[in-house]
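Hello,

Here is the structure I promised to pass on to you. Have a look at it first, and then read on for what turned up in it.

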Amino acid sequence: MPQTTIDARHLTKRYTDGQAQLLAVHDISLHASAGESIAIMGPSGCGKSTLLRMIGLSMKPPPAPCSCRDARHRKTTRTVPHGATACSASSRRTTRSLEDEPAWVNVAIPVEYANPRIGRAERRQRATAALEQVGLAGKARRMPRQLSGGEQQRIAIARATVMHPAIIIADEPTAALDTHTADTIMTTLLAQCKQGTTLILATHDPRVAAQCDTTLTMRDGAFL
Ligand SMILES: Nc1ncnc2c1ncn2[C@@H]1O[C@H](COP(=O)(O)OP(=O)(O)O)[C@@H](O)[C@H]1O
Ligand SMILES: [Mg+2]
């Protein structure tokens, strides 16, 4: 049986704005295994991004159990009873780009985080391999500002996949992209799943969701 990589139970998130309270995520449980791909759909404001941030543990600990297991690096795996940071570095998301560094340096950031002893030549080689996957090997030396929005998005995907993480969480990874670029991104992400990565993404695009193993639809902070 595939290893469990995500076991989130009874996640709830309230935003407080003055006196008003908004229940953005209400009692959601989600289980995922190595190699599984899950699409989360639903109208804008239904809580997709909030849920992804909770699963990625980049938001304040939820009051309920949430664990992320790194199936392939079991020694770095912890199950945390109250949602404190549990993911290993390899399953962390890196979002912002370094504006004054070329594309390949941006892609190589997770390599350095994972193992600072990996030298520049190997970092560059791994980054180039990830850039090839998204069709951007020829633009490795470009600065982010010299790339189009779609290319920057592909750089972000290369950076997310360069360490072949146990879990990839992608919030609308193909938003505002043409069909061809969206397909390249989905092909890259799903290739990671074939190697055992768990993919959870939020999307408005039914074509993207159809390529995932499972589609979950949200309304008003809960799955339908
Ligand atoms: N930091 C925040 N503070 C207050 N309300 C927020 C915050 N982030 C999101 N919300 C609200 O929570 C609800 C869910 O937002 P979000 O998770 O971004 O939904 P989605 O990603 O599905 O569009 C929305 O009503 C949104 O306005
Ligand atoms: Mg969102």
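A few notes on conventions before the rest. This is a predicted model, where local features need pLDDT of at least 70 and side-chain atom pairs count only at pLDDT 80 or more, while totals for chains, interfaces and linings use all residues. Residues are numbered from 1 along each chain as its sequence is written, chains are lettered from A and ligands numbered from 1 in the order in which they are written, and side-chain values use heavy atoms, with hydrogens and water left out.

Back to the ligand. The side chain of Ser-49 also has an N or O atom 2.8 Å from an oxygen atom of ligand 1, and a polar backbone atom of Gly-47 is 3.0 Å from an oxygen atom of the ligand. Taken alone, ligand 1 exposes 560 Å², and the protein buries 60% of that (areas by the Shrake-Rupley method with a 1.4 Å probe; for residues, only the protein chains shown count as cover). The shell around ligand 1 includes Tyr-15, Leu-22, Pro-43 and Thr-50, where a residue is near if one of its heavy atoms lies within 4 Å. Helix H1 (48–55) and strand E2 (20–33) each supply at least two shell residues, and H1 gives the largest share, three.

Now the protein as a whole. It has six helices and eight strands, which are DSSP runs (H or I, at least four residues, for helices; E, at least two, for strands) numbered from the N terminus. Of its 224 residues, 47% are buried; that means under 20% relative accessible area, with exposed over 50% and partly exposed in between (1.4 Å probe, protein chains only).

Inside, the largest nonpolar core has 33 residues, and Val-107, Leu-131 and Leu-201 touch the most other members. Such a core is a set of buried Ala, Val, Leu, Ile, Met, Phe, Trp, Tyr and Cys residues joined through side-chain atoms within 4.5 Å. Its largest share, six residues, comes from H2. Apart from it lies another core, of 21 residues, with Ala-8, Ile-38, Cys-46 and Ile-169 among them. As for Val-107, its contacts (heavy atoms within 4.5 Å) include Ala-127, Leu-131 and Ile-155, leaving aside residues up to four places away in sequence.

Two further residues may interest you. Gln-153 sits in helix H4 (residues 149–161) and counts as partly exposed because its relative accessibility is 23%. A polar atom of its side chain lies 2.8 Å from the backbone oxygen of Pro-173; the two residues are 20 apart in sequence and 7.5 Å apart in space, C-alpha to C-alpha. Thr-128 belongs to helix H3 and, at 24% relative accessibility, is partly exposed too. The side chain of Thr-128 has a polar atom 2.7 Å from the backbone oxygen of Arg-124.

Enjoy exploring it!

Best wishes

Technical notes: A polar contact is a pair of N or O atoms within 3.5 Å; within protein, one must be able to donate a hydrogen and the other to accept it, and residues adjacent in sequence count only if both atoms are side-chain atoms.
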